[in-house]
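Here are my notes on this model, in numbered points. Please keep the structure open beside them as you read.

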Amino acid sequence: MVVQFVLAFQLVAAPIDRTRAAEAAEMALKERIRANQREAATREEMRRRHFEARFNTLVDAVSQFAKEYNAGHGGIWPQRQADILRKAMLELQSLEATLARGGERSPACATDVKR
């Protein structure tokens with residue numbers, strides 16, 4: 001009698017345990033998907049900020065070059081500002097190429113332009 005009860009209990013409990021295990025696996029998978037989505041959104045936000053920083057550096061370099069050039073009424077070539085402008089353009093171009101390939105660059109690079 002006890003053996004029959006144990007067998008009956010196992011038959012009833014087994015499907016419930018498999019269902020719970022499947023539900024737990026599904027929940028874990030959904031959480032992993034949400035975590036991957038959050039990570040992808042964070043990565044995209046960092047790429048956008050990095051691009052914005054490089055673009056703003058380029059805009060500032062163009063502005064400083066124009067200011068110095070116009071201060072000399074076109075007679076003086078501001079070499080220092082021209083070098084800064086050239087560097088800002090190259091950095092933005094290299095960042096754009098890196099992003100087009102899907103690669104990542106360090107966000108710390110956004111502050112290495114010296115003025």
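1. Start with the buried side of H2. Its buried residues are Gln-81, Ala-82, Ile-84, Leu-85, Ala-88, Glu-91, Leu-92, Leu-95 and Thr-98. Buried means under 20% relative accessible area, exposed means over 50%, and partly exposed lies in between (1.4 Å probe, protein chains only). Helices are DSSP runs of H or I with at least four residues, strands are runs of E with at least two, and both are numbered from the N terminus.

2. A word on the source. This is a predicted model, in which local features need pLDDT of at least 70 and side-chain atom pairs count only at pLDDT 80 or more, while totals for chains, interfaces and linings use all residues. Residues are numbered from 1 along each chain as its sequence is written, and side-chain values use heavy atoms, leaving out hydrogens and water.

3. Next, the length of H2. The helix covers residues 79-101, which is 23 residues. The expected span of a helix is 1.5 Å times one less than its number of residues. For H2 that gives 33 Å, and the end C-alpha atoms are 33 Å apart, so the two agree. Just after H2, Gly-102 has a positive phi of about 90 degrees.

4. Now the whole chain. The protein chain has two helices and zero strands. Of its 115 residues, 17% are buried. Contact means heavy atoms within 4.5 Å. Among contacts with a separation of 6 or more, 65% join residues 24 or more positions apart. The chain exposes about 8,900 Å², and carbon and sulfur atoms supply 61% of that. These areas come from the Shrake-Rupley method with a 1.4 Å probe; for residues, only the protein chains shown count as cover.

5. Which rings form a cluster? Ring pairs link Phe-65, Tyr-69 and Trp-77. Rings of Phe, Tyr and Trp (its six-membered ring) pair if their centres lie within 6.5 Å; planes under 30 degrees apart are stacked, over 60 edge-to-face, and the rest tilted. The count comes to four aromatic pairs. In one of them, Phe-65 and Trp-77 have ring centres 5.1 Å apart and planes at 70 degrees, so the pair is edge-to-face. Phe-65 lies in helix H1 (residues 2-71) and Trp-77 in the loop between H1 and H2, so the pair ties together parts twelve residues apart in sequence. Tyr-69 and Trp-77 are also edge-to-face, because their centres are 6.2 Å apart and their planes at 80 degrees.

6. Phe-65 is buried, at 15% relative accessible area. Tyr-69 is partly exposed at 29%. Trp-77 is exposed at 54%.

7. Then the charged pairs. A salt bridge is a side-chain nitrogen of Lys or Arg within 4 Å of a carboxyl oxygen of Asp or Glu. The whole structure has ten salt bridges. One of them joins Glu-44 and Arg-47 (4.0 Å, N to O). Both residues lie in H1, three residues apart, about one turn of the helix. Glu-52 and Arg-48 also pair (2.2 Å, N to O). These two lie in H1 as well, four residues apart. A network of salt bridges links Glu-45, Arg-48, Arg-49 and Glu-52.

8. Last, a bridge between helices. Glu-91 forms a salt bridge with Arg-54, with the closest N and O atoms 2.6 Å apart. Glu-91 lies in H2 and Arg-54 in H1, so the pair ties together parts 37 residues apart in sequence. Both Glu-91 and Arg-54 are buried.
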